[in-house]
Amino acid sequence: AIRAIAPDAVHRICSGQVVLDLASAVKELVENALDAGATNVEVRVREHGVECVEVVDNGAGVSEENFAALTTKYATSKIAAFDDLASLRSFGFRGEALSSLCAMSTLVVTTKTKDDDAGSRIEYDRSGMIVRVETVARATGTTVTLRDVFAPLPVRRKEFVRNAKREYAKLLRLLQAYAMISAGVRIVCSHQRAEGVRGGGNGGGRETVVNTRGGVHADVRSNVACVFGAKAVQGLTPVDAVLGADLGCRVVGLVSKAQAECGRAGGDRQFFYVNGRPVDLPKATKALNETYRAQFSVAITRAPFAVLDFRLPTNAYDVNVTPDKREVLLHSEKEIMAELRRVLL
Ligand SMILES: Nc1ncnc2c1ncn2[C@@H]1O[C@H](COP(=O)(O)OP(=O)(O)OP(=O)(O)O)[C@@H](O)[C@H]1O
Ligand SMILES: [Mg+2]
């Protein structure tokens, strides 16, 4: 017989698709912080995320009438109608990230808006229902804490714990992508070992692993220096070019100079964005590496460092392609990539 799946089972099944791993969980929280207008975003990781991970922002905060809607599936403050996607400027639009995170972990929010005298601490259950609300002291902004990530999916939890260090490295790379492009926003990530682990516990050191400066003078170049060191920036040359007169597209960023010592052994530091949203653009990766290598008179295998933001009208691409929004459909992809090859050479 064909029978409807029980709602709570549907919730768990679908949520596992939105929150694939530790990195995508934190990505959703960082995007929410940026969407809330934060100028300071702090990611605090404990025991590579196995114990806990939290994102603290100084954004607008959540007002009390929205505490329940915060974790309601398909409830969002960012779009109201389908057509709004064509003019989307925010990272989020589906209203499913926090609801999915409730299903995948134990989620607690503390928040305060500028109009509130005190903050609130809200505990949610797996289905996103409020379990408890307490008054707490905090500055304006929001903190979302995730504990026991993937505990509701035992197989994934086991894999996560076993590969925690690798998962944590993935998270760092993702944060680096956001930290570099977010001019004017300070993004900090720190890591602390668990209690009882050597060098851990509250007496143990908290190590800062990503740290940009924020403020009005922070641009992508200074962010790259903060993330990868001043030396990494020296071999880079700025890119700012119109891609085709009638495509409405510009590419802006930094790329390695075509000198042997400026490239890298691998393509591990190639970051692509569409209007500031970190995305995977395999065709651009290919164009970048091929044009870079074509500038040398001998065959080389080195790959350039690159931070490239494609700026184009919001109706010229579609981000509603995959649950994690890492894939984008560019309407004039072929033309844009041909132009990219032309300007990079
Ligand atoms: N850090 C935050 N500060 C202020 N408001 C927030 C924060 N995080 C979430 N919200 C509010 O909660 C809503 C739900 O967040 P959620 O991430 O689930 O969905 P979304 O961002 O709207 O869409 P998406 O699922 O595509 O991320 C947001 O629309 C926003 O209004
Ligand atoms: Mg969101």
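**Notebook: helices, patches and salt bridges**

I began with Ile13, which lies in helix α1, residues 7-18. The model is predicted, so I kept its limits in view: local features need pLDDT of at least 70, side-chain atom pairs count only at pLDDT 80 or more, and totals for chains, interfaces and linings use all residues. Residues are numbered from 1 along each chain as its sequence is written, chains are lettered from A and ligands numbered from 1 in the order in which they are written, and side-chain values use heavy atoms, with hydrogens and water left out.

I noted how elements are named. Helices (H or I, at least four residues) and strands (E, at least two) are DSSP runs, numbered from the N terminus.

**Entry: the surface patch**

I looked up the cover of Ile13. Ile13 has 54% relative accessibility, so it counts as exposed. The scale is this: buried is under 20% relative accessible area, exposed is over 50%, and partly exposed is in between (1.4 Å probe, protein chains only). Ile13 forms a nonpolar surface patch with Ile5 and Val10. Together they have about 260 Å² of accessible area. Patch residues have over 30% relative accessible area and no salt bridge; like charges are joined within 9 Å, and nonpolar side chains (Val, Leu, Ile, Met, Phe, Trp, Tyr) within 5 Å. Accessible areas come from the Shrake-Rupley method with a 1.4 Å probe; for residues, only the protein chains shown count as cover.

**Entry: helix α3**

I turned to helix α3, residues 97-104. Eight of its eight residues are buried. Among them are Leu98, Leu101 and Met104. Contact means heavy atoms within 4.5 Å.

**Entry: α5 against α6**

I checked how helix α5 (residues 164-181) meets helix α6 (residues 220-228). They pack at about 145 degrees, with axes 7 Å apart. On α5 the contact uses Gln176, Ala179, Met180 and Ile181. On α6 it uses Val220, Asn223, Val224, Val227 and Phe228. Axes are lines fitted to C-alpha atoms, for helices over the stretch in contact, and angles run from 0 to 180 degrees between N-to-C directions.

**Entry: salt bridges**

I found 24 salt bridges listed for the structure. A salt bridge is a side-chain nitrogen of Lys or Arg within 4 Å of a carboxyl oxygen of Asp or Glu.

I looked at Arg121 and Glu123, whose closest N and O atoms are 2.8 Å apart. Arg121 is partly exposed at 26%. Glu123 is buried at 19%.

Next came Glu290 and Arg341, also a salt bridge (2.8 Å, N to O). This pair links distant parts of the chain, 51 residues apart. Glu290 sits in helix α8 (residues 282-294), and Arg341 in helix α9 (residues 333-344). Glu290 is partly exposed at 35%. Arg341 is partly exposed at 28%.

I also noted a network of salt bridges that links Lys27, Glu28, Glu31 and Lys325.

**Entry: positive phi**

Which residues did I note with a positive phi, although not glycine? His48 has a phi of about 55 degrees. His48 lies in the loop between β1 (40-46) and β2 (52-57). His48 is buried, with 9% relative accessible area. Phe150 has a phi of about 75 degrees. Phe150 lies in the loop between β6 and α4 (154-162). Phe150 is buried, at 1%.
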